[in-house]
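Please look at the sequence and the model before reading on.

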Amino acid sequence: MLTSQADPVRVLFLENIHPIAVERMRSEGYEVETVGRALDEDELIAKLDGVHLLGIRSKTQVTANVLASAPQLRAIGAFCIGTDQIDLRTAAESGIAVFNAPFSNTRSVVELAIAEIIALTRRLTEKNADMHNGVWNKDAEGSHEIRGRSIGIVGYGNIGTQLSVLAENLGLRVYFYDTSEKLALGNAVRCNSLEELLEVADIVTLHVDGRPGNSGFFGEEQFARMRPRSIFLNLSRGFVIDHEALRTHLGNGHLAGAAVDVFPKEPKAKGDEFVSALRGLPNVILTPHIGGSTEEAQSDIGSFVAEKLHKYVAEGSTTLSVNLPSLNLTQLPDTARIALLHHNVPGVLADVNSIFAGHKVNVEGQILATRGEYGYLLTDIAAHYPQEILNQLAAMATTVQLRVLS
């Protein structure tokens with residue numbers, strides 16, 4: 001499939017993406033439309049007619065059906081950390097690059113976790129509720145300093161590692177568990193299993209990704225293994241825990257408190273009713289998926305993802321793409337850039353360069369990377385070249401998508 005630069009490039013941003021992203025895209029001459037909420041599948045398909053770039057947050061589901069109905073779509077920006085709301089495999093098959101913001105809201109999530117740990121350890125939720133009900137209950141029972149207590153971090157990625165550093169600086173003993181090999185920071189201690197972590201942690205906090213294998217992995221058995229009167233936090237994905245089991249262990253006093261920011265089913269729009277088994281419990285902090293919802297984080301995310309989308313359109317850069325091989329090549333003056341997404345089989349590079357050689361076109365710059373089933377090739381050639389080159393490249397059996405960049 002051969003695509004060329006559209007003028008103007010049309011952009012659709014959903015779910016109240018930060019204005020800085022809109023400003024960035026418009027400054028490059030893109031035509032931007034914004035919608036302040038998530039769209040369901042039918043609405044999204046209708047809106048994507050003629051759209052080249054899509055920006056979403058966590059609620060909009062970009063399914064295979066959506067992607068099949070958007071032939072002009074070139075790239076998707078997830079203005080958040082997670083990308084499990086996007087069918088990444090189908091996007092790659094369609095030549096659609098997907099970018100996210102893996103670092104920009106890390107600090108905001110970590111600060112929320114620290115605040116909730118302190119609030120629950122000091123029983124601030126209960127004290128606050130009593131005061132609002134006119135009850136003066138000044139006592140120290142069940143309230144603790146966090147210094148000297150132990151925290152177990154499940155998932156030692158960007159968020160887990162930063163939480164590890166801050167927690168240790170506050171005097172907590174840090175334990176972590178991750179299915180991948182991770183370097184322990186500071187004095188953090190790696191646990192060989194989740195069970196081992198649950199035996200030593202006074203505070204358990206989840207920071208795992210949204211892969212299907214994590215669905216429901218923390219349930220009755222894991223809550224029962226936690227230390228008596230320990231505290232539980234989930235700021236990762238709503239579907240990774242059993243909320244009914246959590247309510248049971250909070251209600252019977254086995255757990256002292258919990259904080260939950262993510263839920264299996266979340267309302268689509270501000271003001272919609274929120275339904276959860278955890279509502280009404282005095283020792284539970286419930287927040288509406290706001291881990292990364294600070295002005296600083298949303299501004300950083302807006303700038304970061306918008307820049308990735310622009311660089312992909314203008315230069316073919318796939319640096320930090322979550323579904324395509326990662327490439328970046330500085331373009332030489334007076335050259336044209338050809339971006340080729342292809343099936344990852346032997347001989348593609350030789351076939352491409354044979355076509356250039358057959359037309360006596362010199363390669364001024366070239367870089368190739370592969371990722372799983374796909375390869376991505378950027379080639380800079382002289383600005384003036386025969387159209388037949390593009391026809392031959394597009395006709396190769398291995399070609400997924402061919403783009404010509406000025």
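Thr287 sits in the loop that runs between strand E13 (284-286) and helix H11 (295-315), where helices (H or I, at least four residues) and strands (E, at least two) are DSSP runs numbered from the N terminus. The model is a predicted one, in which local features need pLDDT of at least 70 and side-chain atom pairs count only at pLDDT 80 or more, while totals for chains, interfaces and linings use all residues. Residues are numbered from 1 along each chain as its sequence is written, and side-chain values use heavy atoms, with hydrogens and water left out.

**Two buried residues**

Thr287 counts as buried because its relative accessibility is 12%, and Ser108, which is found in helix H5 (residues 106-121), counts as buried at 11%; buried means under 20% relative accessible area, exposed over 50%, and partly exposed in between (1.4 Å probe, protein chains only). The table gives their contacts (heavy atoms within 4.5 Å), not counting residues up to four places away in sequence.

| Residue | Relative accessibility | Contacts |
|---|---|---|
| Thr287 | 12% | Leu112, Glu116, Val260, Asp261, Phe263 |
| Ser108 | 11% | Gly291, Gly292, Thr294, Ala297 |

**The sheet**

Seven strands form an open sheet with parallel pairing, in the order E9-E8-E7-E10-E11-E12-E13, and two strands are taken to pair if DSSP finds at least two bridges between them. Its edge strands are E9 (189-190) and E13, each of which pairs on one side only. Within the sheet, strand E7 (residues 150-154) and strand E10 (residues 203-206) run parallel and are joined by four bridges, and Gly152 has Val204 in E10 as its bridge partner.

**The annotated region and the cavity**

The unreviewed UniProt entry lists residues 337-406 as "domain: ACT", an annotation that may be inferred rather than shown by experiment. Over residues 337-406 the chain is 29% helix and 46% strand, with the end C-alpha atoms 6 Å apart.

A search of the whole structure finds one cavity of 30 Å³ or more, a cavity being a set of points, on a 1 Å grid over the protein atoms alone, where a 1.4 Å probe fits but cannot get out. The largest cavity holds about 30 Å³ of space, its volume being the space filled by probe spheres set on the points, which are joined across faces, edges and corners. Its lining, made of residues with an atom within 4 Å of a point, consists of Ile338, Leu340, Val352, Phe356, Leu377, Thr379 and Leu393. Strand E14 (335-343), helix H12 (348-358) and strand E16 (374-382) are the elements that each give two or more residues to this lining.

Notes:
On a 1 Å grid over the protein atoms alone, a cavity is a set of points where a 1.4 Å probe fits but cannot get out, and a pocket is an open set with protein on both sides within 12 Å along at least five of seven lines; lining residues have an atom within 4 Å of a point.
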